[in-house]
Amino acid sequence: MIDARRLRTLQAVADHQTVTAAAAALYLTPSAVSQQIAALEQELGHKVLERERHGKRSMRVTGVGQILLRHASQVIAELERAEAEVAAYTSGDAGEVTVAAFATGIAVVLAPAITDLSSAHPGLRIQVRDAEGDESLPMVLDGRADVAVAVEYRGAPGADDRLTRIPLYAEPFDAVLPLGHRLAGAETVSVAALADEPWIGPYPGNPCLDVMLLACEYAGFEPRLEHSSDDFRAVVALAAAGAGVALVPRSALRDTDLSHAAVRPVDDVVATRRVFAAVRRGAEGHPLLRPVLDALRRAAGSVPPNAQD
């Protein structure tokens, strides 16, 4: 019998590409990860990992390892379902759930969900981890979080068959311009009309940067990104100072001082971010996770209509 823990370890090394990074994600020592892989290879009689020729630390999954990974997703999902059924059978409605979410997602849906859960499920404790969209899904896959509130972006593991996704809400991006900008008085702004402007945007890895780049790509140009910040208040302040233009998700503009900037709707449907919750496949029926997912759905249903597309 192949030990499921060793399959999880193999998945982590495949995801993170080095033993050291996989060990950090699994809260193990590198030697413990190496021992798990060695034991798995001994059980199989075949190598599942090889060192990359041009990298001393990077690992490559062998053909046998790829076969195992394809089956590992199904095996681990079934184990998640089994744990969920056992928990349901024992009526466990008290415990702790860790939710990783980006800052605006915390404010828009997670905080209201926690308020909802505090009265309906007083035995349920929620631990919140502030994590950008490129961080929260790997945290769920590694077992460092139970639920992610994340944003669709290119390259995200959102389509990974190890995850179950629950759509929450979609919201448009608005153009943020200096007050004296030629389009500051326009009813709506076309992304293409901003092609020659200096841009302000998030750092690489932030899904909002991907939305901005995709909107510009569809408009036929690559933006000249001159200023970078993951803090949307700073982005608005820079735009107000005349440093450039920006696309900012509408909910991120709440409670932000907009007195010195012009905010205009964007007439491009591509400039939209779609927010979803994700859990490990098979865990969606767990009695501790199901109320959290339901509360997130309810909170998303209360997002104001002008934040929906």
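Residues are numbered from 1 along each chain as its sequence is written, and side-chain values use heavy atoms, with hydrogens and water left out. Because the model is predicted, local features need pLDDT of at least 70 and side-chain atom pairs count only at pLDDT 80 or more, whereas totals for chains, interfaces and linings use all residues. Helices (H or I, at least four residues) and strands (E, at least two) are DSSP runs, numbered from the N terminus.

Two packed helices are described by the angle between their axes and the distance between the axes. Axes are lines fitted to C-alpha atoms, for helices over the stretch in contact, and angles run from 0 to 180 degrees between N-to-C directions. Helix H2 (residues 19-26) packs against helix H3 (residues 30-44) at an angle of about 105°. Their axes lie 8 Å apart. H2 and H3 are therefore roughly perpendicular to each other. Angles under 35 degrees count as roughly parallel, over 145 as roughly antiparallel, 65 to 115 as roughly perpendicular and the rest as oblique. On the H2 side, Val19, Thr20 and Ala23 take part in the contact; on the H3 side, Pro30, Val33 and Ser34 do. Contact means heavy atoms within 4.5 Å. The residues of the contact of H2 with H3 comprise four nonpolar, two polar and no charged. Here Ala, Val, Leu, Ile, Met, Phe, Trp, Tyr, Cys and Pro count as nonpolar, Asp, Glu, Lys and Arg as charged, and the others, Gly among them, as polar.

Threonine 9 belongs to helix H1 (residues 4-16). Its relative accessible area is 2%, so threonine 9 is buried. The cut-offs are under 20% relative accessible area for buried and over 50% for exposed, with partly exposed in between (1.4 Å probe, protein chains only). Not counting residues up to four places away in sequence, threonine 9 touches Leu26, Val33, Gln36 and Ile37.

Strand pairing was then examined. Two strands pair if DSSP finds at least two bridges between them. Eight of the nine residues of strand E11 (residues 272-280) are buried, so E11 is largely enclosed by the rest of the structure. Strand E5 (residues 147-151) pairs with E11 in the antiparallel sense over four bridges. Alanine 148 has alanine 278 in E11 as its bridge partner. Strand E6 (residues 163-178) also pairs with E11 in the antiparallel sense, over nine bridges. Leucine 163 stands opposite arginine 280 in E11, and proline 172 has threonine 272 in E11 as its bridge partner.

E6 itself is mostly covered, with 14 of its 16 residues buried. E6 and E9 run antiparallel and are joined by four bridges. Phenylalanine 173 is bridged to proline 249 in E9. E6 and E10 are likewise antiparallel, with five bridges. Proline 178 stands opposite alanine 261 in E10.

A salt bridge is a side-chain nitrogen of Lys or Arg within 4 Å of a carboxyl oxygen of Asp or Glu. The count by this rule is 19 salt bridges. One of them joins the side chains of arginine 60 and glutamate 50 (2.3 Å, N to O). Arginine 60 is in strand E2 (residues 59-61) and glutamate 50 in strand E1 (residues 49-51), ten residues apart. Both side chains belong to partly exposed residues: arginine 60 has 37% relative accessibility, and glutamate 50 has 34%.

Aspartate 116 forms a salt bridge with arginine 298, with the closest N and O atoms 2.8 Å apart. Aspartate 116 lies in helix H5 (residues 103-120) and arginine 298 in helix H9 (residues 289-301), so the pair ties together parts that are 182 residues apart in sequence. Aspartate 116 is partly exposed at 23% relative accessible area. Arginine 298 is partly exposed at 45%. A network of salt bridges links Arg8, Glu80, Asp146 and Arg280.

Aspartate 174 forms a salt bridge with arginine 250, the closest N and O atoms again being 2.8 Å apart. Aspartate 174 lies in strand E6 and arginine 250 in the loop between strand E9 (246-249) and strand E10 (261-265), so the pair ties together parts that are 76 residues apart in sequence. Aspartate 174 is buried, with a relative accessible area of 6%, whereas arginine 250 is partly exposed at 22% relative accessibility.

Leucine 253 is in the loop between E9 and E10. At 8% relative accessibility, leucine 253 is buried. Leucine 253 and aspartate 174 are 79 residues apart in sequence, with their C-alpha atoms 8.9 Å apart in space. Leaving aside neighbours within four places in sequence, leucine 253 contacts Asp174, Val176, Val236, Val248, Leu258 and Val263.
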